[in-house]
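Here are a few notes to read alongside the structure, from one colleague to another.

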Amino acid sequence: MKEQNHFHNPLIQTNVFRRRVVVVTAIVLLLAVILFARLVYLQVYKNHYYSTASHDNSINLDPIAPPRGLIYDRNGRILAENIPVYSLDIIPDKTTDMDVTVKALQNLLDISDDDVMRFYQQLKQKHQFDEIPLKIKLTQQQVAKFYVNQFRYPGAKVTARLIRYYPYKSDMVDMLGYVGRINDSDTKRIEDPSNYAASNYIGKLGIERYFESRLHGTVGYQQIETNAAGQAVRTLQSIAPIPGDDIYLTIDSALQEVAVQAMKKYRGSIVAMDPRNGDILAMVSNPSYDPNLFVRGISNKQYNALRDSPNQPLFNRAIRGQYPLGSVIKPILALEGISSGVVTAKSRIFDPGYFQINEASRIYRNWRPKGQGWMNARSAISQSCDTYFYWLSLKLGIDRISNVMRDFGFGQRTGIQIREELPGLVPSPAVKLARTGTRWYSGDTLNTSIGQGLTLSTPLQLAVATSIIANRGVYYKANLVKDIRTPDGKILDVPPRLGTKINMPEKAWKPIIAGMVDVISAAKGTGYRFGDPAYTVAAKTGTAQLFDVGANEVYKTEDVTERLRDNSMFMAFAPVKHPKIVLAVAIQNNPQAAAIARKVMDYYLLKQKHLFDKNGA
Amino acid sequence: MNKIDKRNFLEQWFPSYKIGHHHLSLWERIHIDLPLLIGLLLIIIAGLLVLFSAASEDVLIVVRQMVRFGLAFGVMFVVAQISPSRLKLWAPWLYGIAVALLLAVLVIGYTGKGAQRWLNLGLFRFQPSELMKLALPMMIAWYMSDRQLPPKASSLALAGVILFVPVAFILKQPDLGTAIMVAVAGFGVLLFAGIGWRWLISGAVIIAAAAPVAWHFLHSYQRGRVLTFLNPERDPLGSGYHIIQSKIAIGSGGFLGKGWLNGTQSHLNFLPEHSTDFIYSVLGEEFGLLGGFILLSLYLLVTIRCFYIAYHAQDNFSRLLAGSLGFTFFVSVFVNIGMVSGILPVVGLPLPLFSYGGTSVVTLMASFGILMSISTHRKLIAT
């Protein structure tokens, strides 16, 4: 110590120390500058970035689903509505003993083990403050029972949600379609995904799909401040959702019900149309299915049963059922024959019961093997003489036949407001070559003349063509929508859409329509199944063979299994002078088309008189 | 109280007053360094304001913090009355006791939050490592004060041992943050003692070389903190969450901040530990760069006042101790703000005079007591 003290020089030491104080002060200042620079970097340079991050942290934009627009029939009866369903939800945060609560609720409300299992699965995935559904659809009794006992279960509550409901169930599904949960393929067709931020459902088929953008409405938003745990602290502002537009269909639900009843026992379709504007009044495909199943989520078992049923309930026959037309094509060919001048109304041919193209050709049978004697256009229609039309078709040639069929709307979509419709098929040499790779023979023309061969039409197309005949050439396209009403009270009328008018002379219309009247009223008319109505009707029957009968064989109904029996087709309009309704009927494997049409027409023309007054004429 | 009474009172309680240093102010006679006191009070008031916001406007927490500061000011005041020469006398004893207590902690200490840091003294729990924050710089200053300055290698080596033993004990607890600060306090003495730059540089090289070895001894949560510091996005919802949210809080504050009580990061609980270690982030969010600048300036003023006191201290012990305490104070500010702003790893150190919490406040105010003592116990020495 002593020696060291010897070296002590207070002055030097003080200087060393004071120099160090200066140096350390400089170091401290440098550190302060580093900190400050860092703060400048974060708070000035990166301020925007971190402000956004902070905002994203705490501000949640919660979308609110808009109420879907409603669908009504032409008289304001509701066809698609939003009804509240009650679900039992549990908030884990507020529940003291989860297992005890769930067990008690299960006993109280008789909840299935499946529901409980699903609940526990969700419990693992969701937040503590989320509402987790224990039972999705409660009955009124369950709701009542729960409310009486609610005080025992502090974390449980009944929540009402709006769900689409179709009160007519299977009766209207062929127009309406249905909504279902949005799946992957649906998301691809959503143009504005943000508008669907809160939506769980989307139109899958029919009107629900076609008018999806109008029915859906505009999403609303709630700006919510949330804390780190994700709980909403307060609502900052909200923009109310705008409900979707309401759609009024041209459908007359009373007529639809009658048509459904008339079709009950049959597979097939019936389409009723107003020829004065193209309004579809009824459209039935039977058998059908309840769309409400699809809204709530159909089970695989239920879906497979529908899909695999031999009766094809999912098959919308009115717009997708492509049937051979059979004899209902005949009035159009006769019209074209007279109008083009190939024949006149008086041109006639003797029917021995068969037709030959030339002496060497095979025999083309008339449906009545004994033959029907002398036939002109009118009688050939009323008695549906095949021989006359074999003869006529050779005079017309396939090109004229194809063209006139297209003019009457066959072979192309009608443009009805349902996306799923199919176009049918008009036969032509080109079509045959493409389909079968073989060229067109005269025999094909003959087959076409009786609506067989390649000809395919939907019942809806047949209704449109019938309407053109009823209107003597004026072509109204099929229309399913009367008007659209926006939430702010505007009514957007859907005007009738006209197709290209078919210009044919009165000398063509007159005998053909007379022939169609004879179908019902003449002694030998083929429409005997229609009976004797209290109004004038023009009609044409048809039978489409599904079973190929050999040239020299005789077809016997009892030999053919039920599903291979002939389809019956029927077209009609009434009253004849001022037609108010057009019907097209296709009944699979059963001849009753005309009888079914009678029930529908009687109802419309006899029991619903007030409607005509309303609509004017 | 009339003038005579007042004088008698002061002479009775403050001997220096009686000695007759009539040129000394009242504050100096009660051993309070006024500029330092004002600086401390300004920081503490600002801290209480921010704490009120950080504690979700819970007045009780602010009151509790005020009580704590009140007690700590009492400790400061008492320590300020102890003359530096007496402190020097006590230094080796204090150091010895502190080392013994640290050893006791390792043997019988109370475990909290996974680390053994406390001794349960019945009434309260005591953290010996806090005592070491003062005892170590005092000990090294005591040791250095009689050596040749700048120090020779041999005295540096012994100082190194004095430093290493308690730091190793604290690391063992494990408490990396406190260990670092204790080491900084000891190192501060050497820095002011004029340790050669050669030594500093070679020391830095040795530390850099030892880093992989140290890595081996780090606890997994400490390794995690280092890794997270290097890349917070490594684990954004786990250990990186703190620092990411803290940077968001500070960065979103911008130039003027979101306003007092309007910080969403802290009020909505996105920012963890917002009343303790991460309280600066609350200030940054609510008062912006301007608030940060003002607070940094206050810290600098206090630090520079400490250096001023050291500069004018009259013996080596006082100088070295004062300088080291000021240096340690600022380093702890730097480490905390550096850590919440993402330029240093999260080591779990409070922001001095700001963070809500216990023992460290008392230790800190005791160190300011020492500084005030050094500042006010100057003798007039003729050269």
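1. In this predicted model, Pro287(A) sits in the loop that links β12 (280–286) to α12 (292–296) of chain A.

2. Pro575(A) belongs to the loop between β20 (567–574) and β21 (581–587) of chain A.

3. Over in chain B, have a look at Leu261(B), whose phi is positive, near 75°, although the residue is not glycine. Leu261(B) is in the loop between α12 (240–253) and α13 (264–267) of chain B. It counts as partly exposed because it has 14 C-beta neighbours inside 10 Å.

4. Leu353(B) is a non-glycine residue with a positive phi, near 65°. Its place is the loop between α15 and α16 (359–376) of chain B. With 29 other C-beta atoms within 10 Å, Leu353(B) is buried.

5. Now the interface: 36 residues of chain A are in contact with 43 residues of chain B. On the chain A side, α2(A) provides the largest share, 19 residues. By class, that side has 21 nonpolar, 11 polar and four charged residues.

6. How do α2(A) and α15(B) lie relative to each other? Their axes come within 11 Å and cross at roughly 10°, so the two helices are roughly parallel. Among the residues making this contact are Phe17(A), Val24(A) and Leu31(A) from α2(A), and Phe327(B), Phe330(B) and Phe334(B) from α15(B). The contact has 10 nonpolar, four polar and one charged residues.

Terms used
Residues are numbered from 1 along each chain as its sequence is written. Chains are lettered from A and ligands numbered from 1 in the order in which they are written. This is a predicted model: local features need pLDDT of at least 70, side-chain atom pairs count only at pLDDT 80 or more; totals for chains, interfaces and linings use all residues. Two residues are in contact if their C-beta atoms, placed from the backbone, lie within 7 Å. Helices (H or I, at least four residues) and strands (E, at least two) are DSSP runs, numbered from the N terminus. Ala, Val, Leu, Ile, Met, Phe, Trp, Tyr, Cys and Pro count as nonpolar, Asp, Glu, Lys and Arg as charged, and the others, Gly among them, as polar. Axes are lines fitted to C-alpha atoms, for helices over the stretch in contact, and angles run from 0 to 180 degrees between N-to-C directions. Angles under 35 degrees count as roughly parallel, over 145 as roughly antiparallel, 65 to 115 as roughly perpendicular and the rest as oblique. A residue is buried if 20 or more other C-beta atoms lie within 10 Å of its own, exposed if 12 or fewer, and partly exposed in between; C-beta atoms are placed from the backbone.
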